[in-house]
Amino acid sequence: KNFKQVRHLRGHPFIFSTFTSRSQTSLCLQHLQQKMKIVSCLALLLPLIKAVDESLCEYKIKVSNAKDLIDEDTDFLWIKNENDVFVEIIGYGTGGDDKQKTLVTDTIDGSTSPEWNEEFTFRNADEDSGGAYEKFLFKLYDDDSVGGYSMGGLLDADFLGQSKFIEASEIEDCAEIYSFELAVTRDDDSAGSLFVEFEKTGCCDNTGNTGNTGNTDEEESTEVVSTKGKNKRRLLMA
């Protein structure tokens with residue numbers, strides 16, 4: 001009966017569609033329901049996947065050198081006395097400013113332009129961070145301990161200055177090395193500069209992106225370097 005009606009009305013597409021078999025309609029609805037279930041599952045899983053990706057992410061920070069730091073030590077007669085400098089690297093997690101991890105370089109004796117070339121790792125899975133790292137800060141000190149012995153309190157170190165914050169979102173691409181010349185300031189006055197490099201592994205960032213997002217506004221120049229058998233672009237950041 002439906003077949004005869006379809007033949008009689010085949011010149012009318014809209015009316016023809018109303019005679020589609022109920023079995024086909026039911027099948028279409030089943031497929032739609034299955035797809036909706038898949039979409040719902042993905043919506044639930046994506047935050048978990050992102051959380052796992054972020055926990056696997058880590059930042060490798062190289063503290064290279066500093067120059068033209070304030071000399072806090074007093075010369076004694078003909079003996080030149082200069083700073084014994086170390087750097088604190090502080091990573092701030094998403095748990096708040098009290099959720100932080102602090103690592104410290106070796107102390108370089110007798111210099112206002114010390115060189116360290118030390119590398120440090122901050123993992124988003126670190127318990128101290130309370131979550132993914134959001135920013136990093138560098139503080140420089142003059143070690144005043146005598147012969148390796150602590151004098152206690154403020155006598156141990158003079159504050160030489162600190163850098164600006166480096167936001168984790170600035171470190172976008174796992175295939176690049178981000179080099180910074182950071183101005184060191186103390187009481188809003190210039191106090192030298194610090195050279196550091198950032199690398200990211202795990203190919204994740206705070207926005208869930210993988211790879212380069214194309215932010216080149218702060219790049220001064222680039223070069224290709226080899227690290228652990230892989231070629232990476234070194235970006236010299238403004």
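1. Surface first. In this predicted model, the chain exposes about 14,800 Å² of accessible surface, and carbon and sulfur atoms account for 53% of that figure. On the burial side, 33% of the 238 residues count as buried.

2. Mean pLDDT for the chain is 75, with 59% of the residues at 70 or more. Two stretches deserve a flag. Residues 1-7 stay under 50 in pLDDT, and the model gives them four contacts beyond four places in sequence. Residues 148-154 are also below 50, with six contacts beyond near neighbours in sequence.

3. As for contact range, take the contacts between residues at least 6 apart in sequence: 62% of them join residues at least 24 apart.

4. Strand S5 (residues 133-143) is the one I'd look at in the viewer. Which strands does S5 pair with? Strand S2 (residues 85-93) is one of them, antiparallel to S5 over nine bridges. Strand S6 (residues 157-162) also pairs with S5 in the antiparallel sense, through five bridges. Then there is strand S7 (residues 166-167), again antiparallel to S5, with two bridges.

5. For S6, Lys 139 is bridged to Gln 162. For S7, Phe 136 is bridged to Ile 166.

6. Why is S5 described as largely enclosed by the rest of the structure? Buried here means under 20% relative accessible area, and nine of the eleven residues in S5 are buried, so the strand is largely enclosed. As background for reading such strands, side chains in a regular strand alternate between the two faces of the sheet.

7. Last, the cysteines. How many disulfides does the model have? The count is zero, going by the rule that two cysteine sulfur atoms must lie within 2.5 Å. Are Cys 57 and Cys 174 buried or exposed? Cys 57 counts as buried because its relative accessibility is 1%, under the 20% cut-off. Cys 174 has a relative accessibility of 11%, so Cys 174 counts as buried too.

Notes: Residues are numbered from 1 along each chain as its sequence is written. This is a predicted model: local features need pLDDT of at least 70, side-chain atom pairs count only at pLDDT 80 or more; totals for chains, interfaces and linings use all residues. Side-chain values use heavy atoms; hydrogens and water are left out. Buried means under 20% relative accessible area, exposed over 50%, partly exposed in between (1.4 Å probe, protein chains only). Helices (H or I, at least four residues) and strands (E, at least two) are DSSP runs, numbered from the N terminus. Two strands pair if DSSP finds at least two bridges between them. Contact means heavy atoms within 4.5 Å. Accessible areas come from the Shrake-Rupley method with a 1.4 Å probe; for residues, only the protein chains shown count as cover. pLDDT is the predictor's confidence in each residue, from 0 to 100.
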